[in-house]
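Subject: Structure handover, pockets and domain contacts

Hello,

Please find the structure below. My notes on its pockets and domains follow.

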Amino acid sequence: MIPLSWYLIVSALLFSIGLFGLLARRNAVAMLMAVELMLNAVNINLVAFWRYQTPEAPAGLAWAVFVLTIAAAEAAVGLALIISVYRRRDSVIAEELDTLKF
Amino acid sequence: MFAAPTLNLWVITPLIILTVWAIILMFIDLFIPAGKKQWTGWLTLVGLIPALALTLMQWGQTGGAFIAEGGQPMVVVDNFATFLNTLYLLTGILAVFISVSYIRDAGLERGEYYFLMLFSIVGMMLMGMANDLILIFLALELLSIPLYILSGFDTGSDTSEESALKYFLLGAFSSAFFLFGIALTYGATGTTSLPVILDTISLDDPLALAALGMLLVGFAFKVGAVPFHMWTPDVYEGAPTSVVAFMSIGAKVAGFAALMRVLGQGFPMWGELWQPAIVVISALTMIVGNFAAVRQQNIKRMLAYSGIANAGYILIGVAASATDPEAISASLYYMLAYLFTNIGAFAVVIAVEKLDGQKGLLVEDYKGLAKRHLLLSLALAYFMFSLVGIPLTGGFTAKFYVFGAGVTAGLYWLVVIGAITSVVSAFYYLRPVLYAFMYEGPAVARVSRGLMFVLVVAVFATLVFGIFPGPWYELASQATFGNVATFVAGG
């Protein structure tokens with residue numbers, strides 16, 4: 001059987017890729033995708049911990065479903081905001097959203 | 001395979017009332033013609049006031065809801081939760097009074113505003129009542145997602161939607177951190193229930209350490225603590241002012257509620273470990289918040305940095321609670337006093353703001369206000385004195401108690417930083433007051449009846465907290481966490 005640590009490493013990598021994406025990408029849609037990657041990394045963690053540590057209690061599985069639902073709700077709001085910004089400015093590049101700064 | 005959990009629905013009755021009323025209100029709103037949407041606003045109170053009454057009746061009781069067979073409750077009510085729930089509901093009621101005329105004059109009058117606010121209040125209340133990390137995450141999202149929408153509610157303005165997008169991206173980012181922390185806690189202990197974490201976690205587990213760090217990052221984002229404060233000024237400047245007044249108190253207090261419960265009930269034995277982290281965050285937050293506020297020209301941005309600075313003062317009490325659990329009552333009292341002062345300050349900002357194109361928000365726009373609106377200027381001066389922490393105001397007694405808690409816990413240099421930065425804060429807080437009284441200028445204000453009500457309540461409450469802090473502090477000191485055993489017994 002594949003050891004637990006492999007899953008954790010994949011999950012940590014995925015989280016880091018998402019983190020990097022959020023900090024480095026300039027397109028708001030790509031930033032949203034990066035956030036989704038981070039949330040999915042958490043899901044891998046939850047399911048792996050459930051399978052290896054407490055397979056008798058389904059808590060980890062149930063939480064993964066909660067996280068999926070929340071992620072979908074967040075994506076819905078996020079995409080709506082991005083579309084609204086795009087309609088007004090024809091751009092979703094983060095650096096061009098600079099009306100607000102010191 | 002699964003036994004049905006014990007429900008104990010009375011614990012969450014206020015939440016049920018608010019949720020159900022928000023949903024009913026959605027349908028009622030369909031039948032309210034455009035232009036009369038203030039009725040949706042006033043109807044919001046029909047949900048908020050019974051919820052407040054029930055919450056007050058829950059004072060002194062402890063109990064848990066959704067208890068699995070032989071397990072721990074998911075939701076608890078104790079004095080800590082009841083105290084904070086009262087705060088959110090008061091904020092909500094005052095925010096309705098502020099909003100009704102503001103969103104009409106700003107041309108944003110749509111019914112969604114009010115029930116999004118109700119849902120957000122439910123999320124806030126759940127933050128303080130959750131006894132399980134995963135429920136804290138759900139509450140966090142329930143509180144945040146409506147706020148993302150509300151921040152972008154002014155669809156006619158570039159700044160509003162930009163602030164909403166920034167708030168959304170950084171909020172989702174911090175949620176991911178928080179969630180990763182939860183997953184690691186789950187890995188380290190096999191549970192996310194705070195009392196069980198307390199029993200099973202071991203100090204030498206690197207997984208648990210990483211988990212605690214990630215959770216702290218998530219909370220620091222939510223309360224706007226340095227170095228995770230960058231979103232605050234942008235969001236406060238761009239979002240509609242009435243929304244800012246609401247979330248600058250509600251979202252911040254909710255973040256602190258969950259932070260205090262996680263640290264106080266999940267990880268209390270690690271006090272010596274997280275106390276230094278909180279101390280450093282608190283010191284940085286006070287320094288950066290106050291010094292960055294000095295150079296702000298926009299009053300909403302200035303109040304945003306002021307909010308960051310105040311998060312630092314509240315954190316003194318949290319840091320002190322590592323060695324002395326009683327110290328959180330100082331932070332709770334601080335939040336109570338801050339609620340009224342801050343909402344009063346925002347009410348003045350709304351009165352002066354001109355709604356045609358974001359004018360009247362610069363500090364210079366307050367020049368000559370006292371000539372035409374003496375009482376409003378006096379109220380502004382009083383709130384600003386309270387934020388600085390001058391005696392006879394709620395802000396003074398609040399700072400007095402958190403500094404006292406800091407000294408008792410031996411955090412002398414943190415208290416010294418707090419005192420010095422309070423002096424610095426006088427520079428920027430008193431500038432609009434100075435402009436209002438000392439300069440000639442064209443400043444005008446409109447004070448609607450709702451705004452008048454909020455101003456009177458806020459001045460009165462700040463005065464009461466400034467002169468008779470004793471009984472209120474006594475209440476805050478009774479607002480402690482419930483005993484785990486009484487949750488399961490169902491109080």
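The second largest pocket has 19 lining residues, and nearest its centre are A:Met31, A:Ala94, B:Lys166, B:Leu169 and B:Leu170. This is a predicted model: local features need pLDDT of at least 70, side-chain atom pairs count only at pLDDT 80 or more, and totals for chains, interfaces and linings use all residues. Residues are numbered from 1 along each chain as its sequence is written, chains are lettered from A and ligands numbered from 1 in the order written, and side-chain values use heavy atoms, with hydrogens and water left out.

A pocket here is an open set of points on a 1 Å grid over the protein atoms alone, where a 1.4 Å probe fits, with protein on both sides within 12 Å along at least five of seven lines; lining residues have an atom within 4 Å of a point.

Back to the second largest pocket. Its volume is about 480 Å³ (the space filled by probe spheres set on the points, which are joined across faces, edges and corners). Two or more lining residues come from each of α1 (4–24) and α2 (28–53) of chain A, and α6 (158–189) and α9 (231–238) of chain B. Helices are DSSP runs of H or I with at least four residues; strands are runs of E with at least two; both are numbered from the N terminus. α6(B) gives the most, five residues. The lining holds 14 nonpolar, no polar and five charged residues. Nonpolar covers Ala, Val, Leu, Ile, Met, Phe, Trp, Tyr, Cys and Pro; charged covers Asp, Glu, Lys and Arg; the others, Gly among them, are polar.

Now the largest pocket. Its space is about 1100 Å³. It has 36 lining residues, with A:Ala59, A:Trp63, B:Ala68, B:Gln72 and B:Met74 closest to its centre. α3(A) gives the most to this lining, with four residues. By class, 25 are nonpolar, nine polar and two charged.

Next, the domains of chain B. The assignment (automatic or from a database) gives domain 1 (7–266) and domain 2 (270–484). Their centres, over C-alpha atoms, are 21 Å apart. In domain 1, 55 residues contact 53 residues of domain 2 (heavy atoms within 4.5 Å). The two domains bury about 4900 Å², 79% of it on carbon and sulfur atoms. That is accessible area (1.4 Å probe) lost on being put together, summed over both parts.

Three salt bridges cross this domain interface (side-chain nitrogen of Lys or Arg within 4 Å of a carboxyl oxygen of Asp or Glu). Separately listed: B:Asp105 and B:Arg446 form a salt bridge at 3.4 Å, N to O.

Best wishes
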